[in-house]
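User: I'd like to learn how to read a protein–DNA surface and the strands behind it. Can you walk me through one?

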2 protein chains.
Amino acid sequence: MRAEALKGHLDGLLLATLEDGPQHGYAVKEALRDATGGRLDLPTGTVYPALHRLERAGLIKGDWSVVGGRRRRTYELTEQGRRSLAGARDHWQEFAAVISAALGGGLWPATN
Amino acid sequence: MRAEALKGHLDGLLLATLEDGPQHGYAVKEALRDATGGRLDLPTGTVYPALHRLERAGLIKGDWSVVGGRRRRTYELTEQGRRSLAGARDHWQEFAAVISAALGGGLWPATN
DNA sequence: TCCAATACGTAGGGTTGCTACCTATAGCGA
DNA sequence: TCGCTATAGGTAGCAACCCTACGTATTGGA
């Protein structure tokens, strides 16, 4: 996975991993890796700042806790975050359709 | 179309529009707009610098000419550019699959 | 004792597309 | 003639954002 391709799509991915319940940052990173068969293994320097950004934007809400002697910041979606996730999915569908149409050479959007 | 979403995918789109024959910059911009039903209408400040970048990278080759009193720079794919386009298509397929898997909520890749 | 895994973080940089602006010609309508 | 639009090219500077490279700390196994 070329890295820079992710630009502008990361936020939706992070929100999606929080959809099924609260997670702490490190778990989000692992969930994303597992959901993609290891093909999307983000560095922590990408994940943590992005989560901070989402929290500042009011899309997620974090709380500190301590588990097994390690401090954790557990995040959950806000109502606004849930709406944003839905928007991100819509946007992705359109974006993918547009790129596929223009890039050509592919079977897209799977015409039948 | 959110703007930053395009990051890292523009080069492939430009190469794809040159696949069926040489085009000048302005025509590339219009071809892209038409191929996407107007949904991808790039500003010239995006297209021209990107073409310069591709030429510097050796993926396309440009030549000046004058048509109807207007100077044109006509670009065509190099052999390297053709390979790069193929790579961009492969990369896009994988990228789209990964994002779709992680983003969820969607019918992807259009299972039937 | 040392290292990996877990868990969090920041500083700085590089890439890249966009905004805003500029030049110039052809052609049309007022 | 004047002004506007379409065509055709260009640049400077900015902002977003993800990555690299670090740093801290704890737990637990080799």
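This is a predicted model: local features need pLDDT of at least 70, side-chain atom pairs count only at pLDDT 80 or more; totals for chains, interfaces and linings use all residues.

User: Where do I start: which residues come nearest to DNA strand C?

Analyst: Start with who is around the strand, counting a residue as near if a heavy atom lies within 4 Å. Here there are 27 residues around DNA strand C, and Y26(A), R72(A), K7(B), T46(B) and R53(B) come nearest. By class, that surface has eight nonpolar, ten polar and nine charged residues.

User: And which element gives the most to that surface?

Analyst: That's α3(A), with five residues. Chain A also brings α2 (25–35) and β3 (70–77), and chain B brings its own α3 (44–56), each with at least two residues.

User: How do I tell backbone from base contacts on the DNA side?

Analyst: Look at which DNA atoms are touched. Of the atoms of DNA strand C within 4 Å of the protein, 66% belong to sugar or phosphate, and the rest to bases. For a phosphate case, a polar side-chain atom of R53(B) sits 2.5 Å from a phosphate oxygen. G25(A) uses a backbone N or O atom instead, 3.4 Å from a phosphate oxygen. For a base case, take R70(A), with a polar side-chain atom 3.0 Å from a base oxygen.

User: What does β3(A) pair with?

Analyst: In a regular strand, side chains alternate between the two faces of the sheet. Here β3(A) pairs antiparallel with β1 (residues 23–24) over two bridges, where Q23(A) partners Y75(A). Eight bridges join β3(A) to β2 (residues 60–67), also antiparallel, with W64(A) opposite R73(A). β2(A) and β3(A) form a hairpin with two residues between them, and G68(A) in the turn has a positive phi of about 60 degrees.

Definitions and conventions: Residues are numbered from 1 along each chain as its sequence is written. Chains are lettered from A and ligands numbered from 1 in the order in which they are written. Side-chain values use heavy atoms; hydrogens and water are left out. A polar contact is a pair of N or O atoms within 3.5 Å; within protein, one must be able to donate a hydrogen and the other to accept it, and residues adjacent in sequence count only if both atoms are side-chain atoms. Helices (H or I, at least four residues) and strands (E, at least two) are DSSP runs, numbered from the N terminus. Ala, Val, Leu, Ile, Met, Phe, Trp, Tyr, Cys and Pro count as nonpolar, Asp, Glu, Lys and Arg as charged, and the others, Gly among them, as polar. Two strands pair if DSSP finds at least two bridges between them.
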